[in-house]
Amino acid sequence: MEIRPSTPADLERVTRFYSRLSEESLRQRFFGLGPGLGTEAARRICCRLPERALALVALDRGTVIGVAEYFPTDEPSAAEIAVTVADTHQHRGVGTLLVEQLVDAARTEGITVFTADALTGNRAVARLFTDLGLPVEHRFGADEVHCLVHLGLDQHYTDARAARSRSADVASLGPLLRPQTIAVVTGAGATGKHTGQTLSALRSSGFTGDIVPVDPGAAVNASPSGGPDAPPLPAADLAVLDVPAAGLVRAAEACGERGVRALVVLTRCCGAQRAAALVAVCRRYGMRLVGPGSQGLFVSETSVRFAACGTSAGPRVPEGSGSVGVAVQSGRAGQEMCEALERLGMGAAAFVDLGDKLDVSGNDVLQWWEADPDVRFVVLRLQSFGNPRAFSSIARSAARSMPLLAVVDTWQAPDGDADDVPGGAPARLPASSRGELFRQAGVTAVGGTGELVDTVAIMAAQCLPSAGRVALVANTEEMASRVAVECAEAGLPVRNRSVVPSADDCVRRCCELLAGPRAPDAIMVVATTQPSAEDTYRILRQIRATAPGCHTLVGIVPGQPTRVQLLPDAGEGAVPVFAHAREAARAVARARERATWLSRPPAAVPDPADMDCSGALKLAREFLSTHARGGWLTEQQCSALLRCAGLGIASPSPPDSAETQLTTGVVMDEVFGPVAFLHPGDADLHAVERTETRLLPLTERDAQEMATAWTGTAGLHDASRSRDRTVLPDVLLRLSALAQLLPEAAQLRVMAGADAAGAVALREAAVCLLPEGLRVP
């Protein structure tokens, strides 16, 4: 579906839209029936909009399926709104999407209230405004209800909108990951190097739906009705394209015309212009796109099992249903990870090579797998993670229900195009902050396939070690000492170290430790080759069966042929057994990090009072209308923008001031989106060794923790707010809200001074705005 402003060229389509409405829909929209009502409305919407009015059309494959408009009233800050949706598309979210777009546009025009009138029996309109998430007042009359929708900054609306977006994104991936019919499409002149392998993989994977090979030439020349030389493309949920790059866009369009809902493009897309055209076709026809340059995907779930992989070098579907969702941008790397997970006994539930990631990204598959009960882990090995503004919130949501691991050995920042911003490019966070931000997002970052498998083994079948207190039980002092060193280097406190001579002593000692008043969170059982590895495995199973409580049990058997294995116990769990102490200790430390993150329940995001959202949006829009490449606001503009956030710039501090200097603000990170930062002094971010950082949106807990993170600033949350002075958490929360409101804000930087009483005065500010399409380098 496409949503855009109406134009005079839409007149015929909008007129036809109104002519097809049922009498009931016309009566609900126009409060009656009469000739020419729809025609006059279409003329107004397409050709006669008054000043400060806006009309949007929603199109599905070129056909108008919805219209929404607002137009000014006698009150400058209010506008009247009207929404109409085709009978065939009602109750499917079209009206909600249209209103969301109107809300965004109205805010930039200084409109703070929408008004709407509806017939008393029009429950759909009442439900639309109520479900939107914004505060709504209803005033009931005899036959009509008058609605007032308040457009101020509201976290409930932000959360509700994000939830709707997630639901829509997940639903849109159904044809890609749950297809009933798959077409394999080649074009004239294609090498065909993938096609035979793709068909073979599909047929051998156990796919029970229809597989439709499309002859060479059909994809490039096809039309919906076909022709003497070009048979029509079949209708399919998913089409796998292996066509020459020159015919790729035409093949995609032919698929769209036949109702295909998702594409996997194996072809490399040469050139930005062709890539943009391909994306435009997919948007127009509502198709999701994996690739170009993908090596395919597979799903191992029995009910929909299929593999659409374009090379024999790619990963294969595991024998049974797996439990790990794997997303990569390299088929060879994906094969390595899938094979390693399968050796561990944790095969992939689904695998997607995202290729050039023009549409479907790590964010999309992560949301799908969060809702998939067959997926217990998610692994991402991507060069970048997609929309950074969305990634951190999506990751934090998904990580609450399952471990999320990112292999970062090949990660690279997206190519930036903001280096030539007038006044200089905005700052970037120091690299040292990235590990902390991964932890805040609930993401376990690992350095390669080995660390990935180590971590999955620890998290797969046992309780997480909440505090990381470790007890060591070994059969030699030398081994106990060696493992203790590795634990210390991994940051794991060793509570108890025991050397036992026999297997029975080992089992008894472990049970004593776990039954004691200060039981450890994890026990590492270490054995040399004497007794044998098999004897050690037997001991571990016995400990697992008899030791009380929920705990993490880890075995270390030097000389074991595999790096790590999962040793099934008598129940549904397993014991991870490592060949090396270092890998075991680091894996336990990563599991402890996840346990610590899960122990912190999500906190509420406050809505700061006295925020002038419309003023901030208008200022940003006016600045960017005269600065196409973006840039830095003037001192006066910075002050005006901060006033919109309820913050004021105070006079410069006197030279002999005893204030503590602080620098705080928000910077756009290429992975995590907007990130709040705080550090002492007035140095730029790139010159700071360490800065306190938090992902946005900030909660009150985040703001308090940032304010108390530095020695000497612990009292900065105790002072009361005044005209020229405020408290640091309040500054942080308002800057967070401002950055959430303005996606164009690449950097908000405020220099402040704190007095002995803990009150903060803002002394100077710098703000960089960039068009949304321009990426921070």
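Tutor: Let us begin with the classes used for a lining: Ala, Val, Leu, Ile, Met, Phe, Trp, Tyr, Cys and Pro count as nonpolar, Asp, Glu, Lys and Arg as charged, and the others, Gly among them, as polar. Keep in mind throughout that this is a predicted model.

Student: How do the residues that line the second largest pocket divide into these classes?

Tutor: The lining comprises 13 nonpolar, 10 polar and seven charged residues. Two or more lining residues come from each of α2 (23–30), β4 (78–85), α4 (94–108), β5 (113–119) and α5 (123–132).

Student: In the open sheet of six strands, what is the order of the strands?

Tutor: The order runs β26-β31-β30-β27-β28-β29, and the pairing is antiparallel.

Student: Why is one side of β26 and of β29 left without a neighbour in the sheet?

Tutor: Both β26 (631–632) and β29 (692–695) stand at the edges and have a single partner strand each, so one side of each lacks a neighbour in the sheet. For β26, the antiparallel pairing with β31 (residues 760–769) extends over two bridges, and W632 stands opposite C768 in β31.

Student: What share of the residues of the whole chain counts as buried?

Tutor: Buried residues make up 54% of the 777 in the chain, which has 24 helices and 31 strands.

Definitions and conventions. Residues are numbered from 1 along each chain as its sequence is written. This is a predicted model: local features need pLDDT of at least 70, side-chain atom pairs count only at pLDDT 80 or more; totals for chains, interfaces and linings use all residues. Side-chain values use heavy atoms; hydrogens and water are left out. Helices (H or I, at least four residues) and strands (E, at least two) are DSSP runs, numbered from the N terminus. Buried means under 20% relative accessible area, exposed over 50%, partly exposed in between (1.4 Å probe, protein chains only). Two strands pair if DSSP finds at least two bridges between them.
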